[in-house]
Amino acid sequence: MWDARRIKHCRVCGSPTHYQVPADDNRERAVCIACGEVHYENPLNVVGTVPVWREQVLLCRRNIEPRYGLWTLPAGFMELGETTEQGAVRETVEEAGARIELQGLFSMINVVRVGQVHLFYRARLEDTRFDPGPETIEAQLFHEHEIPWDQLAFRTVRETLQHFFADRANGSFGLHLGDIT
Ligand SMILES: [Zn+2]
C-alpha cells in the first residue's frame, strides 16, 4: 500500500502539516495546520527509451543514487511543459548524449509501490557516438547475450528488455502493459 507521508511542511507558509481526510475528499492528505493548504501527491511519470543500433541496445551505467553503478535504459522524470515523447528523447540526450529517432511506445508499467508510471519508447540510434552526461558513468552497446541481467538498476528496465528481445525474436514489436505492486 502506498503510504508515503512525505510532506512534513507546508509549501505555502512552511508550517507543519498534519495528515487528515479533507472535507469532500476520501483519502488522507497533508493539510497545513496553520493556513489549511491541502497538498496532493500523485504518481510521477518516468519516460525513457530502448535505443537500438543494429543488433545492439544502448545501456547507461548510473553515476547517481539510487542504484549507483548499475545499468539502466536512459530514462528519467518527465518535466512540466513537455510530452512523454519529448521527455524520452531529452532523457536519452542527457544521460547518453545519443542522437535517436523515436519509434513506437513499447512498454508502460505501473510501479504502484513507489507511485510511478514508467513509459519506454523504442528508438533507433542515428550513430554510435555517445557523450554521457553527469548522471552516467558510461554508455555502452550490448548484444542480447551480453546484457548484464544481474546488474540492471530497475525491474521496469529488466521487463522492458525481456519484452524487447522476445518481440524481436518473434519479428514484431507490440505494446506491453504491466503492473508492479
Ligand atoms: Zn501553510
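## Close-up views of a predicted model

**Figure 1. Elements that line the largest pocket.** In this predicted model, β7 (75-77), α1 (84-96), β9 (116-125) and α2 each supply at least two residues of the lining of the largest pocket. The largest share, four residues, comes from α1. The volume of the largest pocket is about 560 Å³. In total, 28 residues line the largest pocket, and the closest to its centre are Val 46, Pro 66, Gln 116, His 118 and Phe 154. Sorted by class, this lining has 12 nonpolar, five polar and 11 charged residues.

Figure 2. How many cavities of 30 Å³ or more does a search of the whole structure find? The search finds one. The space in the largest cavity comes to about 40 Å³. Its lining is made of Cys 60, Arg 61, Arg 62, Ile 64, Thr 72, Glu 95, Glu 135 and Thr 136. Strand β5 gives the largest share of this lining, three residues. By class, two of the lining residues are nonpolar, two are polar and four are charged.

**Figure 3. The largest nonpolar core.** In soluble globular proteins, nonpolar side chains tend to be buried together. In this model, the largest nonpolar core has 17 residues. Those with the most contacts inside this core are Val 50, Val 57, Leu 59, Leu 73, Leu 161 and Phe 164. At least two core residues come from each of β4 (44-53), β5 (56-62) and α2 (155-170). Helix α2 gives the most to this core, with four residues. Another core, of 10 residues, lies apart from the largest one and includes Cys 60, Ala 98, Ile 100 and Ala 139.

**Figure 4. Contacts of Val 50.** Which residues does Val 50 touch, not counting residues up to four places away in sequence? Val 50 touches Val 57, Leu 73, Phe 120, Tyr 121, Arg 122, Ala 123, Thr 160 and Phe 164. Among these, Leu 73 and Phe 164 are, like Val 50, residues with the most contacts inside the largest nonpolar core.

**Figure 5. The aromatic pair of Trp 71 and Phe 142.** A pair of aromatic rings is described by the distance of the centres and the angle of the planes. The structure holds six aromatic pairs. One of them is the edge-to-face pair of Trp 71 and Phe 142, with 5.0 Å centre to centre and 80° between the planes. Trp 71 lies in strand β6 (residues 71-72) and Phe 142 in strand β10 (residues 136-142), so this pair ties together parts that are 71 residues apart in sequence. Is Trp 71 buried or exposed? Trp 71 counts as buried because its relative accessibility is 6%, under the limit of 20%. Phe 142 is also buried, with a relative accessible area of 6%.

**Figure 6. The aromatic pair of Trp 149 and Phe 165.** Trp 149 and Phe 165 form an edge-to-face pair, at 6.3 Å centre to centre with 75° between the planes. Trp 149 sits in the loop between β10 and α2, whereas Phe 165 sits in helix α2, so the pair links distant parts of the chain, 16 residues apart. Trp 149 is partly exposed, with a relative accessible area of 28%, while Phe 165 is buried, at 4%. Ring pairs also link Trp 149 and Phe 165 into a cluster with Phe 106, Phe 164 and Phe 173.

Terms used:
Residues are numbered from 1 along each chain as its sequence is written. This is a predicted model: local features need pLDDT of at least 70, side-chain atom pairs count only at pLDDT 80 or more; totals for chains, interfaces and linings use all residues. Side-chain values use heavy atoms; hydrogens and water are left out. A nonpolar core is a set of buried Ala, Val, Leu, Ile, Met, Phe, Trp, Tyr and Cys residues joined through side-chain atoms within 4.5 Å. Buried means under 20% relative accessible area, exposed over 50%, partly exposed in between (1.4 Å probe, protein chains only). Contact means heavy atoms within 4.5 Å. On a 1 Å grid over the protein atoms alone, a cavity is a set of points where a 1.4 Å probe fits but cannot get out, and a pocket is an open set with protein on both sides within 12 Å along at least five of seven lines; lining residues have an atom within 4 Å of a point. Grid points are joined across faces, edges and corners, and a volume is the space filled by probe spheres set on the points. Ala, Val, Leu, Ile, Met, Phe, Trp, Tyr, Cys and Pro count as nonpolar, Asp, Glu, Lys and Arg as charged, and the others, Gly among them, as polar. Rings of Phe, Tyr and Trp (its six-membered ring) pair if their centres lie within 6.5 Å; planes under 30 degrees apart count as stacked, over 60 as edge-to-face and the rest as tilted.
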